[in-house]
Structures are given as structure tokens and as C-alpha cells.
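Please read the following note alongside the sequence and the three-dimensional view. The points proceed from the whole chain to its parts.

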Amino acid sequence: PADPPWWTRAVVYQVYPRSFQDSDGDGIGDLGGILQRVDHLADLGVDVVWLSPIYPSPQADNGYDISDYTDVDPLFGSLAQLDQLIAALHERGVKLVMDLVVNHTSDQHPWFEESRASRTSPKRDWYWWRPPRAGMTAGQPGAEPTNWHSYFSGPTWQLDEASGEYYLHLFAREQPDLNWENPEVRQAVYAMMRGWLDRGVDGFRMDVINMISKDVAPDGSLRDGPALPGLPYGDGTASFLCGPRIHEFLQEMHREVFAGRSDRLLTVGEMPGVTVEQARLFTDPARAEVDMVFQFEHVGLDFDESKWRPRPLRMRDLKASLGRWQAGLADVGWNSLYWDNHDQPRAVSRFGDDSPRYRRDSATCLATLLHLHRGTPYVYQGEELGMANAPFDRIDDFRDVESLNHFAQAVAHGEDPETVLVALRRMSRDNARTPVQWDASPSAGFTTGTPWIPVNPDSTEWNAEAQRADPASVFAHHKRLIALRHADPVVALGDFGMLLPDHDELYAFTRSLDGATLLVVCNLGASTHPLGELLPETAGAELVLGNLTDDGDPAVLRPWEARVLRLA
Ligand code: TEU
């Protein structure tokens, strides 16, 4: 059989540029800042950087609302600096993957401005324009063409007074959805993508790419979804998650953009709501769609009907979910592995224990668990330092459009503001967006100006400078995990086998390849466990890597301890 693709051994690092490093004192991270920190990434040992959007944008959603796909926003720098960054990374053997946001554009993209200009505009059909619901008047509540609830609260439809029609926006109203049914739209996107690859970019992380095909009836109508509890809206996801033409579109994209050069690239499709069965199709190399997908199951286990209704995570659910993805993509396809990103709370605060006693141990335990799974691990900036959720207090502390819109809507619907804030503090995306903590100075080395969102005050203790010198740090542990994946084919390619599926605190599994077996056991809790009794096969096994520095009893697993053992 052919050699496995390079990305089966790779680790990806996500940079959210706004919060990574500022170089010009305006309080917003930029490309000049990333250039200053390239050696941090090289030192960590990652193979790929995924750069969240740096394109021109009104920043309604921090760059996920793009007004020009072919340039760099002056806020972040210039095309020349992007070229420098690509060169600086390539010199160090690191690839650069760009964010591709083509489910929607900004409402200030010239395509949308032209589309909205009149009902007869040649680009009218590039977006989803629809008249009000039959028998209703434009602007009346409930007159929207469908009842869908937007990801960022409110309806997914915005009335354009001038033409009397609504346009679709699954996210913010500043993010109108492109109409992928129109072949001109698709060709324009593919041409843009080819341009970036020709420039030296090494692939794409494709934003909500499983939303580009909408289930539209032959007469052009879109269907209502089931009512959502307590809201005057419905759940439209059945009409746009993995819609009828999604595989056709991704295969066409592959032919038009990646063909002949896919071996050097990495493509990962962000796909909320994707099932294992669908993911097998998306990532089957024979189908030529994408290399891997970001699935959302394991980050959806600690809340009820929405992320704003959090509840405790049950360990069994986590194991059942991740285990099913390991098994489901074992023979065909490939997993991506992540705990957090710019949309999720910080891993150590959500899945670990960020109290002083266990923060370091739980951060390293979680990292061990993730990096020892089969798939490509993604490290989100600051995760390698054990960065934690922010101490947000009042609504004015939040910046994110999703959080602010949700607060306004929930309070307008009669929820108690303090209760809404409790959920925001726990789940807001802003938790992931505080500046990277480089050193112990007041702005944590992020900026000489005023940061666009405050630095977490724990940066005096938790920062890169302190950790780089400390072999027991979260950073040093990440370096070891990444090096282990590079060195040991069992870590990259070994078969996965879940152990102790019903245990409430231990997460244990084996990885096996060509007669070699690693046993990984992680204690995701603050109690001590009799490892020797639970997993007798660990007796006498060689410790390949552990997260606690002082030697303990090999037969006992301590709070938040993780061990990678080689079975004889
Ligand atoms: O996110 C898509 C998505 O569905 C969610 O993660 C969403 O952002 C939200 O957190 C659900 O509660 C992608 C990007 O990663 C995100 O930053 C963008 O805001 C969004 O698409 C729109 O482009």
C-alpha cells in the first residue's frame, strides 16, 4: 500500500491573529506579531499553522465576515507580510493553512453590494433573496421566508427595505449566505482558492463548509423547521447541514482546485452536526473531498438544548462519543482531534480543573489524552500554556457578537440577566480570545498599547516565558507529545481500542501497530485509582511518557495523572 499521507504524523497549531501578538501597538494582533513569534511555534514542534481569517473585513465577526478574499486587512498587515510569514514558516518546515470562509461573505463584499443593488442585478442570484412569507407584509414579525433561528440569535433573514426582499444569513446579519446553487459563485470561489495555493499556501480550513448546500425545492422555496422551545423561531438545520449537493460541491472543488497538488496540502472541513457516517464519506480518500473534518459531538455533551444551557459532562458520554469516532474512521477516512479553538471555552477550564492545585496536571493530562488518539491533533493558541477561561463579570466585558446577541435576545424574552451571564461566563467564545500570555508584564507581552480585550490577570503566573524554561510546564509537555507523534509510528497510525468504557474517571485505551502496543491511561478527576487492579496488564510496563514529574507508585494512578505505557 501507498505511504500514509504526511498529515497523519502532523500536529496543527491554530493562530487567531487578533489575539496572538500585536506588533504596532494598536492593541490588535497582526502578521508582524506572528512573524515575531515564529520561533515559539518552531520550538513547540508543530508541522502546520492554521491562520484564522486575515482578509479585509468589517470585523463584525472578527474576520469571519470577509469583504475581499484576495487581500490582507490593513488591521493585520499586508500581502507582503503574509508572503514573509509563509517564507519564515517554510524555512522552518512548517506549512501554512488559511481559513476559507465561503458559506457567506461580508455584507460589504462587492458581490453582495452588487447583488443587493436591485432585483435585476446580474449578481442577484449569488445570494439567497426571497420575498416575504405568502400572505404577509415585508417587515411584519413572522414574515420571514422561513422560521429559521440564526446561530447568532434572531431570524436568519434580513429585510432589504429597498427591494422588499429578505436575504439569508445563517450567522450575523452582516454575513449573507452565498448561493452555491449558482455555478458562477462556485467558479469565483475556486479561482480565489487557486490564487492562494499558487501563492504558496498549503491548504484550507473550511469554515462551516457543510452548510453550503441548502435543501431547496424545485420551485425555489425553503422549508420551515421544527419550533424551538421558548423562541419564536424554528430549527432549520435539516435544510442546510450536509444538504443534498454537499458531496457534489466538495468533489467539484477538489477537481477544480486541488487536483494534481493535493499530496502537499491539508484540507479540513469544519462541519457542525456531522455524523460519523457522513464523515466517512467526506474523508474517504477515494472520493476526493477533504482530508479530515472537525466534528462537534464531543463539544456538545455538556449542555442541553443549546450551549447556553450548560450541564456537567458525563465521562461515559465523552468516551462513547470519541470512541465511536475512532472506530468509525478506522478503516476509511481520518479524524481531526481538538479540545478547543476560537469558538470554544478553554479546555483546561471546561474538561480539566483550572483551580491552582490541578491546573497544570489537568492541562497536561488532557493534552496526553488528545495527542495519543488516532488522528491529527490541533493545538489552539495558548492551550500549550494551559491558558484558562477569563474572569468576565458584566455584559460589558464581552466582545463577541454571538454572546452579545444572545444576551440581548434572552433578556428580551424575559430571562434573568444574571442567569444569562452565568452561562456566558462559562461558554462564551471570548474565553478563548483573550491575548496569548507571553510574559508576566501588564499586557503579557501581547501589545504595547491597550489590548482589544483584556489580558487574563493570571498571566503574571501563566505565561510562555516562565514555561519555556521549565521542563515540568504545560508547554514542555506539549513539546514531548508532539515529538512522540513524530517519532513513534504507533502514535500516528496504531489501531485504537477503548478500555474501561464505563469507568467514571479513567479514560484508557490502547494503540497497536505491527505487534507493538501502547496503553494510555488518563485520570480525569481528583481521586486516586488502583491502576494495578483495574488494568493488570500495566504491571511492569515501560513508561514512555507521563505528566507527573515525581515518581509515584506504578500501581496507583494519582489525580489527573496520565501515563503512556509500552506493553511488553
Ligand atoms: O463557526 C461555526 C459554528 O457553527 C460554531 O462554532 C459557532 O461559531 C458557534 O460557536 C456555535 O455556538 C465558524 C467559525 O469558526 C466561527 O468563528 C464563525 O463565527 C462562524 O463559523 C461563522 O463564520
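**Note on the predicted model**

1. Basis of the note. The structure is a predicted model, in which local features need pLDDT of at least 70 and side-chain atom pairs count only at pLDDT 80 or more, whereas totals for chains, interfaces and linings use all residues. Residues are numbered from 1 along each chain as its sequence is written.

2. Overall form. The chain has 16 helices and 16 strands; helices (H or I, at least four residues) and strands (E, at least two) are DSSP runs, numbered from the N terminus. The radius of gyration is 24 Å, close to the 24 Å that the globule rule gives for 568 residues, so the chain is as compact as a globular protein of that length. This radius is taken over C-alpha atoms, and the globule rule is 2.2 Å times the number of residues to the power 0.38. Along the principal axes, the C-alpha atoms fill a box of roughly 75 × 55 × 50 Å.

3. Domains. The bounds come from an automatic or database domain assignment. Domain 1 comprises 9-105 + 183-394 + 434-474, domain 2 covers 110-168, domain 3 covers 395-427 and domain 4 covers 494-567.

4. Contact of domain 1 with domain 4. The C-alpha centres of these two domains lie 29 Å apart. Their contact takes 18 residues from domain 1 and 23 residues from domain 4, where two residues are in contact if their C-beta atoms, placed from the backbone, lie within 7 Å. On the side of domain 1 that touches domain 4, α8 (315-328) and α10 (359-371) each supply at least two residues. Helix α10 gives the most to this side, with 6 residues. By class, this side of domain 1 has 7 nonpolar, 6 polar and 5 charged residues. Ala, Val, Leu, Ile, Met, Phe, Trp, Tyr, Cys and Pro count as nonpolar, Asp, Glu, Lys and Arg as charged, and the others, Gly among them, as polar.

5. An open sheet. Five strands form an open sheet in the order β12-β13-β14-β16-β15, with antiparallel pairing; two strands pair if DSSP finds at least two bridges between them. The edge strands, β12 (495-499) and β15 (542-546), each pair on one side only. Strand β12 is joined by 5 bridges to the antiparallel strand β13 (residues 506-513). M498 stands opposite F509 in β13.

6. Which residues come nearest to the ligand? Of the 14 residues around the ligand, these are D61, Y64, F171, P272 and D343. A residue is near a molecule if its C-beta atom, placed from the backbone, lies within 6 Å of it. The shell divides into 6 nonpolar, 1 polar and 7 charged residues.
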